[in-house]
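Colleague: I'd like to learn how to read the features of a model like this one. Could we go through it together?

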Amino acid sequence: LDNLTQPSEEQYLNCIRCGLCLAVCPTYREYLSETASPRGRVALARKGLEGELELTPNLFEQMYACFDCLACNDICPVGIRPADLALGMRVLQEERKPAHWKQNLFRDLIPKPGRMEAATWPLRLYERSGLRRLVYKLGLHHLHPAQLRDLEAMLPHLPERPLRQVLPEVTPANGEVKYRVGFFLGCAQSLMFADESAASVRVMARNGCMVITPKETVCCGMPARGYGREDLVREQARLNIDLFEKADVEVIVTDCATCGSTLKDYGAILADDPIWAARAAAFSARVRDVSEFLMSIPLEKPEGRLDARVTYHDPCHLRRGQGVWKQPRELLQLIDGLEFIELPEADWCCGSAGSQLITHYETSLKVLKRKTDNLESTRADYIATGCPGCQMQLNVGVWRSRSGVKVVHPVTLLDMAYNRKKEK
Amino acid sequence: MDKNLIDKLIKIVEREGVLSTPEDLAVYGYDGTFEDHRPDVVVLPRTTEQVSAVVSLAAAERIPLVTRGMGSGLAAASVPFQGGIVLAMTRINRILEIDTLNAIAHVEAGVVTADLQTEVEKLGLFYPPDPSSIRHSTIGGNIACNAGGPRCLKYGVTGDYVLGLTVVLADGRVLKTGGKLIKDVVGYDLNALFTGSEGTLGVITEALLRLTAKPKFARTALVEFPALEDASHTVNAILSAGIVPATLELMDETAIACIEEALQIGLPLDVEAILLIETDGADQANVEGEIQAAARICQEHGARQVKVAQSEAEREVLWQARRSVSPSLARKAPNKLGEDITVPRSAIPEMVRRLKAISAQYGLPIVIFGHAGDGNLHPNILFDKRDPEQWAKVEGMVKAEFNAALELGGTLSGEHGVGTLKRPYMAQALGPVSVDVQRKIKAALDPLNILNPGKVIPD
């Protein structure tokens, strides 16, 4: 193990096993077994690293069973970060036994926007039936029919063309240019939620932003990170940092919670890189979630109304990953007619965690059920959330419960309210 | 564990209820202490009948059986030092009934205490016991350890709320004790016998718990004392003045520093102690009057400042801080040993003095916090168990702490229980007659010594 990247002793040594993290862990609360708990994962990592346990596939599976919702990181009074430790163990596993499919997926496909667009074109062409081709292409043929149906329900109405191909590199501000904003267009937003990101750009432009969207950006790195390929994350980070330095912008805005939390982490990810550390830190310091940015500038109050009951789900990587939770709520409440209802357990993970609906189907559905039960108790017409992963998961939940609730990005609702004014 | 036995267990609780991979066994060997020992198999039952079948099997095969809830115990009571079966009760977790007419909750053992509190409070009722582990401990574990908490000062401990129990005995029979009755003197008080028995006499699977009306008003004050000595004297001054706060909590400077580092809530870092005082009740003027009276007494006894929480959110922050004390101490050292000695409340200032002296003598820090109002203190020794020299000191210090508590008319444990860690001191604390009586009770109820063997009662 000595030559491999592995978690350091201080990441687990002071865990006193008090058990506080069990209370907030979505997987523990579904299985009620210590093995599925953050404290259990810390103990397994420690015993594995110290040689008390063999580093078996089952031990690493417990690290992959973590949804990385960060709730344990947040609650631990000692400062242990069990979710980070689980990710660190995944890195170790990849160095010990690299999985070739990860190389193909996380190095050769996901960070290449052109290839991603090509791989997903059948989806746009045939909508749902195209999913079957994609599933085949990704080597996921072992999925059973029920799971495939859930994955189909996940997809929003897809854009004809990815936003990356449509959105101009420079979107001028309406009127005087008050801010020079860089927009980081995430992969999922471009490929699947194009309308939402188009709305985000419209809303920023309307409020005095010149929006510059570099088209050569690559994946933020989160998918590779989740699968233990920290090396690829660093590569992708360097590419993105370089692009935005050239764009010369005051802030870098993204409307994807996952991208945002990763971009804000580039400083930490490259902290040991003598050439990149300072540049990465400067980059991360400029990153803002779209709701965080909009609520920090004088925002035009929409004159259009939206008469609907709206609730809000906190994406883990926005609330805990970035500490942003007030702003999206405040943003929604700017809209006249909108009745805001707080979702019970709004910051409890929805069960998406990127790909858990594929890799940990049963657990993902259990965690989702808790979310949809809470959602139904609000009797909301819309549930707003600023994360494509959460949105897709909530689409599945809404489909399974037949509740008809519409899943949207909060900024999309603001855009609707602005446009309604125009209609009048 | 042999395959045959695992198959028998699977027949009882189905496959999902039996855990036996090396990884599963590795995480069911610890509780909230530094102790650790692998069990041979973990069983997660869902019904009393399944528990009964598992215990019968253990009895027939003479296998040790250790019952546990969420594993937050602080006395190594649920560490399976002799291997065998760990019976994890977390999945027997239904709230069977909340009887609002009689104000009684009927629950299964694996219900998380905070979940029960939330449910009864929706109905205007109140389950007062509040161990700091309310969100990560179960009712069954609370009863088996007779858990306390800050509110015990006014409301009493877990045992004061137990009206009835369903217990699986060591031979697999199911015993029902008590009932939905406030008064009940028919026969020995078996509720009291099983409460605090730490899994050595039977397996608690259900409980009838007394509820009260939820206090409508509460006021919480944070009081800063430049001198720890003054804070400990103030406790008695408040109680002697006829005020009965719901809680009266003490934290020393190291405890304050650790919480502040963990939570950043603006606690003062230049005082030797804080008292956290809460009054509650049905009458707003009365609750307000009591907190003001307590504040006056604090000021007369050397308090620098009294801050009363102005909102529910502020109050919740203070309690979150209090509940975080114990774990946040681990920021200072890899290990901590938290005791929970209890002394008559008049002896608190002297006990605090002696703890300071023990710390100075051995040269390892002792952090002091706890439920000063009921004489229950949590001296926590901070150390690194990997250093044999430090570990030897810790053993000496624990002995010195217990000696001091006993000399002042106190006892070893107010709420954590005896488990493994305090067992060596049982005879000294109780004397030979009491130990003999307790041994005989154990032998009568568990003649094969399969239920949590080697715990509580000395050999």
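**Where the chains meet**

Modeller: Contact means heavy atoms within 4.5 Å. Here, the contact takes 38 residues from chain B and 33 residues from chain A. This is a predicted model, where local features need pLDDT of at least 70 and side-chain atom pairs pLDDT 80 or more, while totals for chains, interfaces and linings use all residues. Residues are numbered from 1 along each chain as its sequence is written, chains are lettered from A and ligands numbered from 1 in the order in which they are written, and side-chain values use heavy atoms, leaving out hydrogens and water.

Colleague: What is the area buried between chain B and chain A?

Modeller: Buried area is the accessible area (1.4 Å probe) that two parts lose on being put together, summed over both. For chain B and chain A that's about 2800 Å², with carbon and sulfur atoms giving 53%. B:E23, B:Y30 and B:H136 supply 22% of what chain B buries against chain A, more than any other three residues.

Colleague: And how many salt bridges are there between chain B and chain A?

Modeller: A salt bridge puts a side-chain nitrogen of Lys or Arg within 4 Å of a carboxyl oxygen of Asp or Glu. The count here is five. B:D36 forms a salt bridge with A:K47, the closest N and O atoms being 2.6 Å apart.

Colleague: Which order do the strands of the open sheet in chain B have?

Modeller: Strands are DSSP runs (E, at least two residues), numbered from the N terminus, and two of them pair if DSSP finds at least two bridges between them. The four strands run β1-β2-β4-β3 (chain B), with mixed pairing. The edge strands are β1 (18-19) and β3 (65-68) of chain B.
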